[in-house]
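Colleague: I would like to learn how to read helix packing and backbone details in a model like this one. Please take me through some features, one at a time.

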Amino acid sequence: MATVNDVAAYILAKAAPMSAMKLQKLCYFAYGYHLAWEDRQLFPETFEAWANGPVSYELYDQHRGRYQLNAGDVDGDPSLLDDGERESVNIVLDSMGVYSAHELSAMTHRAGPWVLARERAGAADLQRSNEELRDADIADFFGALVSQDDE
């Protein structure tokens, strides 16, 4: 199974440069849609309910202190993604790559796993939280989005 850093390296190889925040959100959306489409995790790492949306700490550790990222800036191996993983990431890049980091972040704030995790943590707006988003919540949320798309 690929890691979040492998997925991030794949995204950067295809769509860099981009901000670290945009990379985090694209990894989150790829994870969510992959979970809904394939009924399996895209990578084993989790997301935390940070103030600006879901963040993978493992990926954050790779880009800490950097705003702009280019291909090769994340220590990951894009070749570790299997065909289904690449397909999920490609679909997300094609459909969501046009949005800015702030637009993607705003999409995570409307409803769903990030909101539920923030509520569990009792975190107010802009307050720090490392509450993990639950796979069950992610699967339910993205599964509902996929069902709407199929109608």
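Modeller: Start with a single residue. His63 has a relative accessible area of 5% and is therefore buried, the cut-off being under 20%. Bear in mind that this is a predicted model.

Colleague: Where is His63 found, and what is it in contact with beyond its neighbours within four places in sequence?

Modeller: His63 belongs to helix α3, residues 57–63. Leaving aside those within four places in sequence, its contacts are Ala20, Gln24 and Leu69.

Colleague: Now for helix pairs. At what angle do the axes of α1 and α2 cross?

Modeller: The general idea is that two packed helices are described by the angle between their axes and the distance between the axes. Here, helix α1 (residues 4–15) and helix α2 (residues 20–38) have axes that come within 10 Å and cross at roughly 115 degrees. The two helices are therefore roughly perpendicular to each other. Their crossing is right-handed.

Colleague: Which residues make the contact of α1 with α2?

Modeller: From α1 come Val4, Val7, Ala8, Ile11 and Leu12, and from α2 come Leu23, Leu26 and Cys27. By class, this contact has eight nonpolar residues, no polar ones and no charged ones.

Colleague: How do α2 and α4 cross?

Modeller: The axes of α2 and α4 come within 9 Å, and the crossing angle is roughly 125 degrees. That makes α2 oblique to α4. The crossing of α2 and α4 is right-handed.

Colleague: Which residues of α2 and α4 make the contact?

Modeller: On the α2 side they are Leu26, Phe29, Ala30, Tyr33, His34, Trp37 and Glu38. On the α4 side they are Gly84, Glu85, Ser88, Val89, Ile91, Val92, Leu93 and Met96. Sorted by class, the contact of α2 with α4 has 10 nonpolar, three polar and two charged residues.

Colleague: And how do α2 and α5 cross?

Modeller: Their axes come within 8 Å and cross at roughly 40 degrees. That makes α2 oblique to α5. The crossing of α2 and α5 is left-handed. The contact involves Met21, Lys22, Lys25, Leu26, Tyr28 and Phe29 of α2, together with Ala101, His102, Leu104, Ser105, Met107 and Thr108 of α5. By class, the contact of α2 with α5 has seven nonpolar, three polar and two charged residues.

Colleague: Is α2 mostly covered or mostly open?

Modeller: Mostly covered: 15 of the 19 residues of α2 are buried.

Colleague: Which residues of α4 are buried, and what do they pack against?

Modeller: The buried residues of α4 are Gly84, Glu85, Ser88, Val89, Val92, Leu93 and Met96. They pack against α1, α2 and α5 (101–109).

Colleague: What span should α2 and α4 have, and how far apart are their end C-alpha atoms?

Modeller: Take 1.5 Å a residue. For α2, 19 residues should span 27 Å, and the end C-alpha atoms are 26 Å apart, which agrees. For α4 (residues 83–96), 14 residues should span 20 Å, and the end C-alpha atoms are 20 Å apart, which also agrees.

Colleague: Turning to the backbone, which residues take a positive phi without being glycine?

Modeller: Asp39 is one of them, with phi near 55 degrees. With a relative accessible area of 70%, Asp39 is exposed. Leu126 is another case, with phi near 65 degrees. Leu126 is placed in the loop between α6 (113–121) and α7 (135–150). Leu126 is also exposed, at a relative accessible area of 71%.

Colleague: Is the peptide bond from Ala16 to Pro17 cis or trans?

Modeller: That bond is cis, with omega near 0 degrees. Pro17 itself lies in the loop between α1 and β1 (18–19).

Notes. Residues are numbered from 1 along each chain as its sequence is written. This is a predicted model: local features need pLDDT of at least 70, side-chain atom pairs count only at pLDDT 80 or more; totals for chains, interfaces and linings use all residues. Side-chain values use heavy atoms; hydrogens and water are left out. Axes are lines fitted to C-alpha atoms, for helices over the stretch in contact, and angles run from 0 to 180 degrees between N-to-C directions. Angles under 35 degrees count as roughly parallel, over 145 as roughly antiparallel, 65 to 115 as roughly perpendicular and the rest as oblique. A crossing is left-handed if the near helix is turned anticlockwise from the far one by less than a right angle, and right-handed if clockwise. Contact means heavy atoms within 4.5 Å. Ala, Val, Leu, Ile, Met, Phe, Trp, Tyr, Cys and Pro count as nonpolar, Asp, Glu, Lys and Arg as charged, and the others, Gly among them, as polar. The expected span of a helix is 1.5 Å times one less than its number of residues. Buried means under 20% relative accessible area, exposed over 50%, partly exposed in between (1.4 Å probe, protein chains only).
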